[in-house]
Amino acid sequence: NGASNGATNDADGIPYFDVLIVGAGFGAYTTLQRMRRLGLKTRIYEKGSGSGGIWYWNQYPGARVDSDTPIYQLWEKDLYEDFTFTERYAGWKELQRYFKHVDKKWDISKDVEYNKNVEAATFDEDKNQWLVECADGSETSCRWFIPAIGFAAKRYTPPIKGVSDFKGDVFHTAVWPQWGVNLKNKRIAVIGTGASGIQTIQETAPKAKHLTIYQRTPNFCLPMNQTKLDPTEEQKKKEAGDYDRAFEECGKTFAGFTYDFYQVKTMDETPEQREKFFHKLLVEQGGFHYWLGAYKDMLYVQEANDEAYKYWRSYVHQRVKNAEKAELLAPEQAPHPWGTKRPSLEQNFYEVVDQDNVDIIDVNATPIEEITETGIRTAKGHVDVDTIIFATGFDAVTGSLGQLGIKGTDGRTIKEHWQDGLRTSMGISLAKFPNLFFLYGPQAPTAFSNGPSCVQYQAMWIEKLLKQLAEEGIVRIEAKEEAVDDWCKRTKEKWDETLFPKAKSWYQGSNIPGKKVEALNWAGGMPLYRKSLDDSLENNYQGWITA
Ligand code: N01
């Protein structure tokens, strides 16, 4: 048929797939397998030369997931029965090994084209197909178009004066060299203390000659309580059905974890009860328990939140002996309510920062003035460094899709559609973009969920939808404007119920100068999100226009 890579050609001789997925991470893998089951000819285009999505790009020192085993994986028995993670919280190398395992078991790579960078797409109204353009100049047509590029596909580097003058090495955590970087005995500067910064600092400071942290906002880190997993014990758990039960549990909780908020209000307990409960969450259980397993009003009521902050602060002050550093890491006046910026999980971060070879510079009090040939200057003076690491995050959530030239039927790109405010239907599609579904993106549970929980439900819903459409001979589906209006209203309502709007965070775009500040994620929890998706397929595709 003349088309390459297993595609058939469409009427104009352009290679055609029923489904084209962008990105080769968790979302793409689970969707591909489901599309295959429906008998749809499906292809993944991946910009990188390997799979793993975020775990392909983010190979900075110490990169490790904050969701625990077993929930941070695809939940299919044929995958978990012969793969066992060695740690409760897997590192990037092990996650890459996991992706290779899935690739082998499901024979994924035969349907993936690597080094294939999708740049633009337009919808052909006559054919009801997308025409997708790649950076290599090639064109592909498809009926269903599914960008699955995650919420962190567009990194952010602040425009600090003089960075190009610096004679040493400069890195961004999100595009860490695949071959690694030897940082031993180096004088290192890390700018940013989000999850990437915390992990990088924790890993590199012990081997660095000196490390300077440029901190704008302290990260309210939680102890990870990392453990090695015993393969025999894990095997027993699998056989006893513990894994399946954990996956099922994820469908019922707010964030797609195995635990949920404690259905008691903070002030309804005595100070002694609170202290005991906080200790259990923070010290005994660790991980996100202190966040996602907290009192049910912690993220909604300031007085309740203050209690959580107070306890967390005293805990940090016990671990950091240097009083000045302790105050910078956990100040008396919290810069934002506890948990309204994403807390990171740390292993020995506080002990590492306490070392004599680590300094913290508060860039709120003394902003970075410039980067020079030899280091970084603030009002506190000049620090000579060999290496500068930007751990400054992403134009998160909307930046990923917004950077692609995908045009709607009105000729406007997604970015243009969102110019005056984010608009999606149920965080999975947009009006004027027929036959397009995106995964792990804006106005979905995305940043408030365990990644595999969110993308698997979204993929499951797409599978159900496409099956139903095929049975009914429908080839075009588009979100109605009123459904989009409704979802935006509900997203805002859920957001405004919480304390999240009080923090300057990437959750609402305030990390990027000039970006509109608004709720980028669905804060109504996974169960309600899933119900909204399912309900929309009832009553003759409520909220959708079909043809
Ligand atoms: O990015 P971030 P990240 N001058 O935006 C600072 C996921 N993730 O890559 O807080 C000085 O959180 C900025 O300061 P401030 C996870 O969901 C997960 O670390 O805006 N500093 C902040 O400290 C995570 O939340 C994992 O005041 C500047 C930092 O840079 C998300 O990805 C690992 C600055 C950016 O932190 C993003 O994490 C990694 C400036 N001009 C990532 N501009 C795990 O699962 C920005 N900053 C473990």
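Just after helix α1, Gly 39 takes a positive phi of about 80 degrees, where helices (H or I, at least four residues) and strands (E, at least two) are DSSP runs numbered from the N terminus. The structure is a predicted model, in which local features need pLDDT of at least 70 and side-chain atom pairs count only at pLDDT 80 or more, while totals for chains, interfaces and linings use all residues. Residues are numbered from 1 along each chain as its sequence is written.

Helix α1 itself, residues 26-37, has twelve residues and reaches 17 Å from its first C-alpha to its last, close to the 16 Å expected at 1.5 Å a residue, the expected span being 1.5 Å times one less than the number of residues. Ten of its twelve residues are buried, so α1 is largely enclosed by the rest of the structure; a residue is buried if 20 or more other C-beta atoms, placed from the backbone, lie within 10 Å of its own. Among the buried residues are Phe 26, Tyr 29, Leu 32 and Met 35, and the buried residues of α1 pack against β2 (15-22), β3 (42-45), α4 (92-106), β7 (139-147) and α15 (451-471).

In the largest nonpolar core, which has 152 residues, Ile 21, Cys 142, Phe 145, Ala 189 and Val 190 touch the most other members; such a core is a set of buried Ala, Val, Leu, Ile, Met, Phe, Trp, Tyr and Cys residues joined through C-beta atoms within 7 Å. The largest share of this core, eight residues, comes from α15.

Methods: Two residues are in contact if their C-beta atoms, placed from the backbone, lie within 7 Å.
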